[in-house]
Amino acid sequence: QVPLVESGGGSVQPGGSLRLSCAASERIFSIRAMGWYRQAPGKQRELVATITSVGVINYADSAKGRFTISNDVSKNTVYLQMNSLKPDDTAVYYCWSRNRFGYESWGQGTQVTVSS
């Protein structure tokens, strides 16, 4: 694994927004895909969104229309703009990456809490 550092988590009210970011310590242009997964208490970790180095994007159905994933390949960085947040979005969000050799890395996670 290579180090992944997430930031941007926090607590918001329903309907609010957060922007998560994650930077990978990796040889430049070695990352082939990055993304975000989340895990709520008592539930399995699930995919939120992924993006490849050439811009192919995959969203979970729950994220479509509300979340936007983007990346900066030259900086090995991925972002997740989360709008219209709902209590069901409450989870620990984990950054993920896969490099050109197929090796995968995970961040430590950042807490997102959506409540009134």
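**Entry 1: the aromatic cluster**

I began with the rings, and found that Tyr37, Trp96 and Trp106 form one aromatic cluster. The model I am reading is predicted, so I kept to its thresholds: local features need pLDDT of at least 70, side-chain atom pairs count only at pLDDT 80 or more, and totals for chains, interfaces and linings use all residues. Residues are numbered from 1 along each chain as its sequence is written, and side-chain values use heavy atoms, with hydrogens and water left out.

My search for aromatic pairs gave 3 in the structure. The rule I used takes rings of Phe, Tyr and Trp (its six-membered ring) with centres within 6.5 Å; planes under 30 degrees apart are stacked, over 60 edge-to-face, and the rest tilted.

I looked at Tyr37 with Trp96: their ring centres are 6.0 Å apart and their planes stand at 70°, so this pair is edge-to-face. Tyr37 lies in strand 4 and Trp96 in strand 9, so the pair ties together parts that are 59 residues apart in sequence.

Are Tyr37 and Trp106 buried or partly exposed? Tyr37 counts as buried because its relative accessibility is 17%, while Trp106 is partly exposed at 23%. My cut-offs were under 20% relative accessible area for buried, over 50% for exposed, and partly exposed in between (1.4 Å probe, protein chains only).

How many salt bridges does the whole structure have? I found 4, where a salt bridge is a side-chain nitrogen of Lys or Arg within 4 Å of a carboxyl oxygen of Asp or Glu.

Arg38 meets Glu46 in a salt bridge, 2.8 Å from N to O. Glu46 is partly exposed, with a relative accessible area of 38%, whereas Arg38 counts as buried at 6%.

Arg38 also meets Asp89, this time at 3.0 Å, N to O. I noted that this pair links distant parts of the chain: Asp89 sits in the loop between strand 8 (77-82) and strand 9 (91-99), Arg38 in strand 4, and they are 51 residues apart. Asp89 is buried, at a relative accessible area of 1%.

Asp89 forms a salt bridge with Arg66 as well, the closest N and O atoms being 2.7 Å apart. Arg66 is in the loop between strand 6 (57-59) and strand 7 (67-72), 23 residues from Asp89. Both Asp89 and Arg66 are buried. Through shared partners, the salt bridges join Arg38, Glu46, Arg66 and Asp89 into one network.

**Entry 2: Val92**

I then checked Val92, which is in strand 9. Which residues does Val92 contact, leaving aside its neighbours within four places in sequence? I listed Tyr37, Arg38, Gln39, Gly109, Thr110 and Gln111, with contact meaning heavy atoms within 4.5 Å. Val92 and Phe67 are 25 residues apart in sequence and 16 Å apart in space, C-alpha to C-alpha.

**Entry 3: the cavity**

A cavity here is a set of points on a 1 Å grid over the protein atoms alone where a 1.4 Å probe fits but cannot get out, and lining residues have an atom within 4 Å of a point. The largest cavity holds about 70 Å³ of space; that volume is the space filled by probe spheres set on the points, which are joined across faces, edges and corners.

Its lining includes Ile31, Met34, Ile51, Asn71 and Thr77. Strand 4, strand 5 (46-52) and strand 7 are the elements that give two or more residues to the lining of the largest cavity, and strand 4 gives the most, with 4 residues. I sorted the lining into 5 nonpolar, 5 polar and 2 charged residues. In that sorting, Ala, Val, Leu, Ile, Met, Phe, Trp, Tyr, Cys and Pro are nonpolar, Asp, Glu, Lys and Arg are charged, and the others, Gly among them, are polar.

**Entry 4: Ser30**

Last stop was Ser30, in the loop between strand 3 (18-24) and strand 4 (31-39). Ser30 is buried, with a relative accessible area of 3%. Setting aside its neighbours within four places in sequence, I found Ser30 in contact with Asn99 and Arg100.

Methods:
On a 1 Å grid over the protein atoms alone, a cavity is a set of points where a 1.4 Å probe fits but cannot get out, and a pocket is an open set with protein on both sides within 12 Å along at least five of seven lines; lining residues have an atom within 4 Å of a point.
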